[in-house]
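I opened my notebook for this one and jotted down what I looked up as I went along.

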Amino acid sequence: MGIIFDKENKLLTLHTEHSTYQMQVDPYGFLQHLYYGDRLDTEDMSYLRMNFDRACAGNPDEAYPSRTVSANTMPQEYTGYGVGDYRINSIAVQNGDGSYAADFRYEKHEIRPGKYSIPGLPAAYANGGEAETLVVTLKDPVTDLKAELYYGVFEKKDVITRAVRLINEGEKPLRLLKAASLCVDFPYGNWDSIHFHGKHALEKQMERSPLGHLVKTVGSNRGTSSHQQNPFVILCDHEAGEDHGAAYGFMLVYSGGFKAELERDQFDSVRVVMGLQDDAFCWTLDKGETFFTPEVLMSYAGNGLTPLSHNYHRLIRENICRGKYKNARRPILINNWEATYFDFNEESILKIADEAADLGIEMLVLDDGWFGVRNSDNTGLGDWFVNAEKIPCGLRALAQQVNARGLKFGLWIEPEMVNEESQLYRKHPEWALQVPGRRPVRSRNQLVLDMSRQDVRDYLFDSISKILRENPIAYIKWDMNRSISDMYSVMLQAEHQGEVAHRYILGLYDFMGKLTETFPDILFEGCSGGGARFDAGILYYSPQIWCSDDTDPIHRLNIQYGTSFGYPSSTVGAHVSAAPNHQTGRTTQINTRGVVAMSGTFGYELDPGKLSDEDKQQIRKQISSFKKYYSLIRSGRYYRLTAPHQNYYMAWEFAAEDGSEALMNIVYTDPQPNPTLVHVKWKGLEADALYRVESKSSEEDGSFVHFGNPEEADRYEKRSETYTGRALMQGGYTLPWLLGDYPAIQIHIVKA
Ligand code: GLA
């Protein structure tokens, strides 16, 4: 059983297979946090709590005359506000009488089978009876504001989810100025924090630093989860590495503005608070109304960052992603964006389809520019009907012709946006977010539709579902190409304007939910100028997200490395694009581009008509390799074997859960003269099993192996390679000296 209540000691304990989380109701009714770490048995961890008379730490009235009880030093599950805890708080509230205060005490709790869900918001779901829910109700006895703390325990998956429901049971309306989803205190330890920052075309760069005596904030106020920071943070032992040390993850299931705060206080206690962005947030709760926060996925691994990542990979694949393509293999696609940009017509698209079919590609995706008057990014957004000038035969006939070539047909949309140069804006200028009396901020020359409005969502649903109904569409790329500003909705009263950012996301989820449920056979891929909305919220509606507009494989190595800490490769949109690369001008071999894109959803984004015959040959091979490795890449355990800039190569591996096979991937990011040899240790194999090197790709593509003498080359080529898992994991494997334009090798081993 995952959730246990010890009545006598008022202990609430949550067990997962490898972790335990414990809290206790103290004599004054505070819900104190006791422990989160390696799995315990029946221990009561309250002995860890020490109360001292600390200077400048206020004491609650009930404890009088004791000066040792203080909210400012106690580890809490959800803090109050304005009542003596000076650290970062979980909530900020202005009450009906104007006061800024909340002070919670335990009222009751309930243990329920199954996993709670959150109305209107994405959340992890249970398959069968794999999860349990704990709801602890806290109450402010003065205002009657209730905080129901939700804990979802996925025992076998080592994940505990958190969310909070706030209920105004008082007589007067109150204003929530902050409503975090989780608060966890770590009274002891020496911690580093890890976050994933970036920018457009270089997302999720991993950054790790010791946690100093300050509040570190990771967040976004852009109305999207953002390129700049991903809603995922890790707290780990200063000494922790991939395979050792305690590591805790906190991932928000949300696609809008967010805030994660990590504070190391005066006594070295660390507090993590995560939830909605509170900048310009103000949510009015009238009498009887409730507010549900988004969910945070919390996980602990006592043995390093790799197992922590595995916990998230598994949970996202199995408990966040949904629908037909949750498990089905997704078609290998070609997208015309980098091949044509806006400059295409029926003919050029069909030419790409011809070439793609010949290469074995399975789907053609028509990107931006097929609708309205859209010949650049200045016009047309909002007009979701075909551009007859570019596609005179109509979308249906075009899709059918693509289908006739043996390819499925996919389409790009950006429903949340409008250009002023569009029929939609001329008809409904009031549908765009804008602050009264001010000209709205343009970005990529577009404005943002007010997704909190039902009429806007109805228009979008009608116009987009018409396209999906009338045309044989197998895939949708759902883009969103700007940060949001001008957060004002004409539909809301002045006192509700602080709700717009969150209402936008609720509206978005409502619309995404409706569209994906109405068209269950369509594969949806999220996108936001690349990876500005790469988060678990979007993954609830689309099982993959375009990871970055940077398709340079050498940059992609770092982007995909950062992404791999929280997200499985099955979610990572990745394509082979042209060389020289359009974003960086760098030339890499097609083999290298293939190896990197294969660690994601895999597809192409180039003009196949411009490829050499050799490259085409390579592509055919890549496609058959990807099919062969598909389930290993999709559900194998992912191991980061190097970190960016640590070496002159990057290496990562997929190992089957049952130890039957593994795939090593190595890219030489800075080929060396007279090098230290590349040497990697395999992971996740069965020590006693014998593994045969089944294939090694590929020196046939312009790179060449430098041995210095032919005998050694001959020996390398001809050696019969069978090793024990133990040898490969402990002794490792040495790779040849490769030269060329960023060469790459894939080594596939199978149990002999
Ligand atoms: C965004 C996407 C690209 C492409 C363009 C089209 O930048 O990330 O992949 O679809 O929009 O305008």
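Aromatic pairs came up in my search, and I count 41 of them in the structure; rings of Phe, Tyr and Trp (its six-membered ring) pair if their centres lie within 6.5 Å, with planes under 30 degrees apart called stacked, over 60 edge-to-face and the rest tilted. I picked out Tyr-254 and Tyr-509, an edge-to-face pair at 6.4 Å centre to centre with 70 degrees between the planes. Tyr-254 sits in the loop between β15 (247–253) and β16 (258–264) and Tyr-509 in helix α7, so this pair ties together parts that are 255 residues apart in sequence.

A note on my ground rules: this is a predicted model, where local features need pLDDT of at least 70, side-chain atom pairs count only at pLDDT 80 or more, and totals for chains, interfaces and linings use all residues. Residues are numbered from 1 along each chain as its sequence is written, and side-chain values use heavy atoms, leaving out hydrogens and water. Helices (H or I, at least four residues) and strands (E, at least two) are DSSP runs, numbered from the N terminus.

Next I looked up the parallel sheet. I found nine strands in an open sheet, ordered β29-β28-β27-β26-β23-β22-β21-β31-β30; two strands pair if DSSP finds at least two bridges between them. β29 (572–573) and β30 (576–577) stand at the edges with a single partner strand each, so one side of each lacks a neighbour in the sheet. Inside, β27 (residues 523–526) and β28 (residues 544–546) pair over two bridges, and I traced Gly-526 to its bridge partner Ile-545 in β28. Helix α7 (residues 500–518) lies across β26 (475–478) and β27, at about 170 degrees to β26; axes are lines fitted to C-alpha atoms, for helices over the stretch in contact, and angles run from 0 to 180 degrees between N-to-C directions.

Then I turned to a helix pair. The axes of α10 (residues 590–597) and α11 (residues 613–635) come within 10 Å and cross at roughly 25 degrees. The two helices are therefore roughly parallel (angles under 35 degrees; over 145 is roughly antiparallel, 65 to 115 roughly perpendicular and the rest oblique). Ile-590, Asn-591 and Gly-594 in α10 meet Asp-615, Gln-618, Ile-619 and Gln-622 in α11, where contact means heavy atoms within 4.5 Å.

Last entry: the antiparallel sheet. Six strands form this open sheet in the order β32-β33-β34-β41-β36-β38, and β32 (637–640) and β38 (722–724) are its edge strands.
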